[in-house]
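Trainee: Please put the model up, and then I will go through it chain by chain with questions.

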Amino acid sequence: MSDHNEQHHIVPKSVYFAVFITLIAMTWVTAWVSTVDLGRLNIFVALSIAIFKASLVILFFMHVKYGTKLTKFTVLAGLYWLVLLLFIAMCDLWTRGWMGVPGR
Amino acid sequence: MITASPPVKETKNYLNHERGIKSWLLTGDHKRIAILYLISVTLFFALGGVFASLIRLELSTPAGDLLESNQYNKVFTMHGILMVFFFLIPSIPATLGNFLIPMMIGAKDLAFPKINLLSWYIYVVGGIFTLYVLLTGGVDTGWTFYTPFSTSYSNGYVIAAGLGIFINGFSSILTGLNFIVTIHRMRAPGLTWFRLPLFVWAHYATSAIMILGTPVVAVTLFLVVLERGFHIGFFDPAYGGDPVLFQHLFWFYSHPAVYIMILPSMGVISEVISTFSSKKPFGYTFIAFSSVAIAVFGFLVWGHHLFVAGQSIYAGLVFSILSYVVAIPSAIKVFNWAATMYKGKVRLETPMLYALGFIGLFTVGGLTGIFLSSLGMDVHLTDTYFVVAHFHYVMVGGALLGYLCGIHFWWPKIFGRMYSQVWSKVSAVLVFVGFNLTFFPQFLLGYMGMPRRYHVYPPEFQVFNVLSSAGASVLALGLILPAIYLTWSLKHGEIASENPWGATGLEWQTASPPIMENFEVTPVVTTEAYDYSTQQEVVHVG
Amino acid sequence: MASHAVSTTLRHHFASDEQQKDAATIGMWVFLVTEIMFFGGLFLAYFAYRQAYPAAFASASNKTNLWLGAANTTVLICSSLTMALAVHAASMGKKTLLVLFLIMTLLLGGAFLGVKAYEYHDKWVHHEIPGQHFECEGCEDAGHAPLFFSLYFAMTGLHATHMLIGFVILVILIVQAARGKFTEKWYTPIEMFGLYWHFVDIVWIFLFPLLYLIDRSHTGLK
C-alpha cells in the first residue's frame, strides 16, 4: 500500500479532450479502412484500432495509468484470461481440419 | 483449555449480540452470514444426498425396477446440480471462508458486508429456481447441460434450471470478489503476505477462479436458455452451430470449478495438519504458491473433458500434457503435508482423522486423474464408472472430507461448544470406510466397461454395485451422525476455550464464539504464521 | 468534512478513508474483470463461427447500417467524455458542473439506445431476426446467416442491458449529486460508476468493428 498518493492524481482536462479527439478520429478511420480491400488483413487492422482505442479509454478515462500496481495487475490478469479463453479454444478450431479425418 | 463448569453469565458475542430473525436476515456481519450459508448449504447437501440414495437404490439390482430410465436421468441430474452448484462450490468458501478470513487477517469484517449478504440472497434465489425445477418435474440433461440435447430434445425444465445456476453464479462471483479485496486491503498491521495462514492463500486462489471462470459459464447457460427459448441457434448443428464450442465454454469454468471445490479443502488441511502436529507446515512458501499455481494451470486443461467429443487431436495432445502439469502443485501439497507430520507431535483428534482421510483419498483421486488425462487411456475410460469414481474421490474424498474436517476443527470457535469426541471419531471412521466401500468398486466397474448414467446393467456387474450401495449406506450413517451430535453440542456441549486445539492463528486469540467485530483491539502481527514456540503447552482434549 | 479523524462516510469496519476508497476501486476492477469474462464467452462464439462461415458473416454483416453504427460509436464516445468530465468535476467539488455532465451522459446514452432501437426495428422489418420467419436477402451461405444475427442480438442486447442498468444508477447518482451528497473528499460512487460506464463503452468499441465492419470493401460506405 505504498502508492496511495497516485490515486488522487487529478488528470488535466486537456488530456481528456486529446483522448476524446483521438477516439473519434479512430472510429471514422476504422469505418473507412473497412471499405478498402486488404484481404485477410482487414480484421487485424480493425482489431488493432479497437485495441488501441480501448487502451486509451482504460489508461486515461479509467485512470489506470495513474492507478496502483494492484489495479494494473487486475486489469492485466483480466485481459490475460480473456486471451487464454479465446486463444486456447480457437487452437482447437484451427487444427481440427489438419488430419483430414472428420471428428479428429 | 476446556472449562467444565457452565459460564456464570452470558458474555456478549456475535450470536447473542442481537436477537430475532430480522437481525439475522439483515445482518452485515460476516460470521452471521457464514451461519446462514452453513444452514442453507447443509439443506442442499441433504437434498442432494437423497438423490444419491435413490441412485444407489436403483443400481443395487441390474434391472430398472425402482426408477424408469427417464426418472433416473432426472435423479442423477438433480444430484449433480445440487451437489456441485449448491453444495460443493459454496461449501467451504461461503461458510468457513466467510467466517474465518476476516478473523485470520485481523479484520473487523469483509470489505463489502452488504455485498456479502447480497451474495447469500442470490444463492437463495438460485436455489429457489432449482427447487422449482425439482418440484415441477426435474431436468434430465445431466449437470453438464450438453447441447444439442439440452437445447432441442430434453423434456425437462432446462430454462429454469439454467437460470437457477446462472443466478447462483453471481453469488459465487460476489463472494470471490469480496475475498480478493479483503485479503488485499484489510490485513492487520504487520500481516504481510508470507505471514498469512495457508487457508487464506488457498481462498485467494479460489476467489481468483471464481471471478475469472464463473462469468463464462453464466453467459454459456444464458445462451443455452436463449437457444432453447427461441430456437435461434447458437450451438444447434441445424444452423451450423458447434456443440463442441458449448463444451469448451462450459468446461472453461467447470474444470477450474473442481479447484474451487478442492483448494479451500486443501487450505483447511494445511491448518489442521500443522495444528495437530504442533509444527510449522513444511515448505510454507511451496504450499502457498502451489495454491496459486493450481488456480493458474487449472485454466489450461479444460480440453481433457473433450477428448472424444470431436475436438482436434492436436488440441487433445496439448491438453493431455498440460493436465499432467496440474498434478505437480497438487503433489507438492501432499508431500509437504506428509513432511509436516514427520517428527511432529501428531495428535489423532477428530479433525486430524478427517485430514488424514483427505490425504489418502485425494491422492487416489488425483492419481486416477492422471490416468484419465492420458489421451489414449481416456478413450477407453470416458463416460464409464471409472470417471464417476475418480471425481467422487476428489469431490467427496477431497472436498467433502475437507469441509467436515474444517467444520469439526472450527466448530468450537464458531459456536463456543465442544462436540462429542467419541461420536465424532466414530463418524470420521464410518465416513472413510463407507466412502471407500462406495466408490472403490466403481473404479473396477468402470475399468470393466460399465457406462455411467444408465439405470440398467448386465448382471455380471451386480456384485460391485451391491458393494457400492452397501458402502453408500455406511457413508450415509457417517454423515447423519455429525448432524446429530453437532446439533446436540449447540446446547449441551462443553464450553470451549479460546483455543481448544492449541492452534496458532489470529482467529484463536479471540473469544469463542467471537465478539462482534472479532477483536477487542486490532491485532498487530510481529511473527510468521504457525509459530508454535509461543504456545504454552499442547492441550489434549477428549 | 473538515476534520480528518471523524469522517461521516467512513464505514465502521475500515481503518481509514484511504483504505475504504482503495477497497472500492479494487472491488470495482475485479467486478469489471468478471464482466470481461462474461462478454468473453460471446466473443469466443463470435470468432469461432466467423472463422467457420466467413462468407455468411461478411454478407450478413453488410446488412447492418455502417453510418448508423459509426454515428452511434461517436455518440457513445461523447458520453464517455462527459462521464470522465463528471468525475473530474466531482474531484474539484464543482457540484453544478457534476450534475450537468451526468445529465449529458444520460442524454447521450439515451441517444445511443434510441439509435439502437431504430436499428432493431429495421432488422424486424427486414425479417433479419433469427427464427421461423428469418430471411437474409441476397446473402451468401444464407443457411448460416442466423448465427451472425443470433450473436448480433445477443452481444448488442447484452450491451444494451448493461446501458439500461447504467441508466438506473445514473438517475440515482444525479439525484444524489443534486442534493450535494458528494464532496471533493468523497465522490467514490461517481468514480466507480465512471469505471462501469467506460467499460460499457469499451465493449462497444469492439462490437462496432466486429459486427458492422466485416468485408465492407465490396459494398463500400453506403
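This is a predicted model: local features need pLDDT of at least 70, side-chain atom pairs count only at pLDDT 80 or more; totals for chains, interfaces and linings use all residues.

Mentor: Residues are numbered from 1 along each chain as its sequence is written, and chains are lettered from A and ligands numbered from 1 in the order in which they are written.

Trainee: What is the mean pLDDT of chain A?
Mentor: pLDDT is the predictor's confidence in each residue, from 0 to 100. In chain A, 88% of the residues reach 70 or more. Residues 1-7 of chain A stay under 50. The mean for chain A is 88.

Trainee: In what order do the secondary structure elements of chain A run?
Mentor: Helices (H or I, at least four residues) and strands (E, at least two) are DSSP runs, numbered from the N terminus. Chain A has three helices and zero strands. From the N terminus on, the order is α-α-α.

Trainee: What share of the residues of chain A is buried?
Mentor: A residue is buried if 20 or more other C-beta atoms lie within 10 Å of its own, exposed if 12 or fewer, and partly exposed in between, with C-beta atoms placed from the backbone. Chain A has 104 residues, and the buried share is 32%.

Trainee: How many residues does domain 2 of chain A give to its contact with domain 1?
Mentor: Domain bounds come from an automatic or database domain assignment, which for chain A gives domain 1 (1-67) and domain 2 (69-104). Two residues are in contact if their C-beta atoms, placed from the backbone, lie within 7 Å. Domain 1 of chain A supplies four residues, and the number from domain 2 of chain A is four.

Trainee: Which helix of chain C gives the most to the side that touches chain A?
Mentor: In this interface, 38 residues of chain C are in contact with 38 residues of chain A. Helix H1 (17-52), helix H3 (66-92) and helix H6 (188-212) of chain C each supply at least two residues of that side. With 14 residues, the one that gives the most is H1(C).

Trainee: Why does the span of helix H7 of chain B agree with its number of residues?
Mentor: The expected span of a helix is 1.5 Å times one less than its number of residues. Helix H7 of chain B (residues 198-230) has 33 residues and so should span 48 Å. The distance between its end C-alpha atoms agrees, at 48 Å.

Trainee: At which residue does H7(B) bend?
Mentor: The bend at a residue is the angle between axes fitted to the seven residues ending there and the seven starting there. In H7(B) it comes to about 30°, and B:Pro215 follows within four residues. The bend is at B:Gly213.

Trainee: Which residue is joined to B:Thr147 by a cis peptide bond?
Mentor: The omega of this bond is about -5°. The second residue lies in the loop between helix H4 (113-136) and helix H5 (149-153) of chain B. That residue is B:Pro148.

Trainee: Is B:Asp383 buried or partly exposed?
Mentor: B:Asp383 sits in the loop between helix H12 (375-381) and helix H13 (385-415) of chain B. Its phi is positive, about 60°, although it is not a glycine. Because B:Asp383 has 14 C-beta neighbours inside 10 Å, it counts as partly exposed.
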